[in-house]
Amino acid sequence: MRRIVLAAVVALALPAIAEAQQRVALWPNGAPGFEARKAIPEQAAEYWAKSINDPSVTAYLPPADKATGAAVIVLPGGGHKMLVIHPEGTDVAKVLNPMGVAVFVLKYRLSQEEGSPYTIDHARQDAVRAVRVVRSRAAELGVDPNKIGLMGFSGGGEVVDLAIYGSTAKDPKVDTVDAVSGRPDFQVLIYPGPVGVPDKIPADAPPAFILAADDDDCCSIPPVELLSKFRAAKVPVEFHLFQSGGHAFNMGFRTDKAAIKAWPDRLRDWLADNGWTTKR
């Protein structure tokens with residue numbers, strides 16, 4: 001496997017579902033202002049990860065003969081206390097890699113983890129920087145710099161909203177990567193929480209795919225609010241509200257509900273209908 005060195009890159013074993021996998025640190029010396037925490041180890045178990053002190057993306061690249069140039073940076077949920085890293089991270093690669101989409105799973109800083117020194121704004125900075133890192137390395141990674149999306153589940157969806165609609169004016173600038181645009185070309189929000197929902201969607205907002213279940217006590221209202229705001233702004237949006245499914249149904253691999261099992265097909269269709277997965 002080819003080892004790529006830019007800032008900090010650590011090669012990992014090849015996954016069965018992708019041609020290549022690399023962990024790419026977002027900052028060469030650690031997160032700005034928290035460089036001393038860079039070496040604190042992450043914690044992980046069967047499905048989650050936490051203690052994120054050196055934010056990174058892990059790349060799952062499709063086979064070169066299938067690559068369309070499209071890329072999705074995925075922000076797992078977990079209530080800002082942990083990251084549901086496999087059901088809402090690596091499972092996305094299982095769905096999107098076969099259709100030629102590169103997937104980058106973002107490990108962002110957690111503001112609600114016990115003892116955390118971070119705020120949710122630090123998570124927003126991680127998401128913006130992730131877009132910049134992937135876009136700055138587009139040619140190297142086989143990605144089209146104009147086909148990069150942000151995808152967030154639950155709390156990760158909140159961070160996506162903050163990254164798109166929040167201000168980057170006071171963000172630290174550490175290298176030339178910070179001169180690259182951090183705006184995604186499209187956004188995917190899967191049962192996003194209420195934090196970060198803007199008062200108004202700007203007319204130049206990225207097109208959106210939004211999905212949730214009506215019986216989700218946590219996160220069925222924010223998607224409905226977002227839908228009305230997108231319609232008012234006349235920004236392209238596709239919206240799916242399933243009758244039932246609750247919260248955190250992930251990619252539909254662990255449910256007995258037919259509609260929830262099939263929801264990734266709706267995302268595939270949307271990506272195709274908008275030309276994101278048209279081969280170059």
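Modeller: Asp-91 is buried, at 1% relative accessibility; buried means under 20% relative accessible area, exposed over 50%, and partly exposed in between, with a 1.4 Å probe and protein chains only. This is a predicted model, in which local features need pLDDT of at least 70 and side-chain atom pairs count only at pLDDT 80 or more, while totals for chains, interfaces and linings use all residues. Residues are numbered from 1 along each chain as its sequence is written, and side-chain values use heavy atoms, leaving out hydrogens and water.

The partner of Asp-91 is Lys-94, in a salt bridge of 3.2 Å, N to O. A salt bridge is a side-chain nitrogen of Lys or Arg within 4 Å of a carboxyl oxygen of Asp or Glu. Lys-94 is partly exposed, at 43%. Both lie in helix H1 (residues 86–96), three residues apart, so about one helical turn separates them. Helices (H or I, at least four residues) and strands (E, at least two) are DSSP runs, numbered from the N terminus.

Another salt bridge joins Asp-126 and Arg-109, with the closest N and O atoms 2.7 Å apart. This pair links distant parts of the chain, 17 residues apart: Asp-126 is in helix H2 (residues 120–136) and Arg-109 in the loop between E7 and H2. Asp-126 is buried at 0% relative accessibility, and Arg-109 is also buried, at 0%.

Glu-42 and Lys-107 meet in a salt bridge of 2.8 Å, N to O. Glu-42 lies in the loop between strand E2 (20–25) and strand E3 (43–44), and Lys-107 in strand E7 (residues 102–107), so the pair ties together parts 65 residues apart in sequence. Glu-42 is partly exposed, at 32%, whereas Lys-107 is buried, at 18%.
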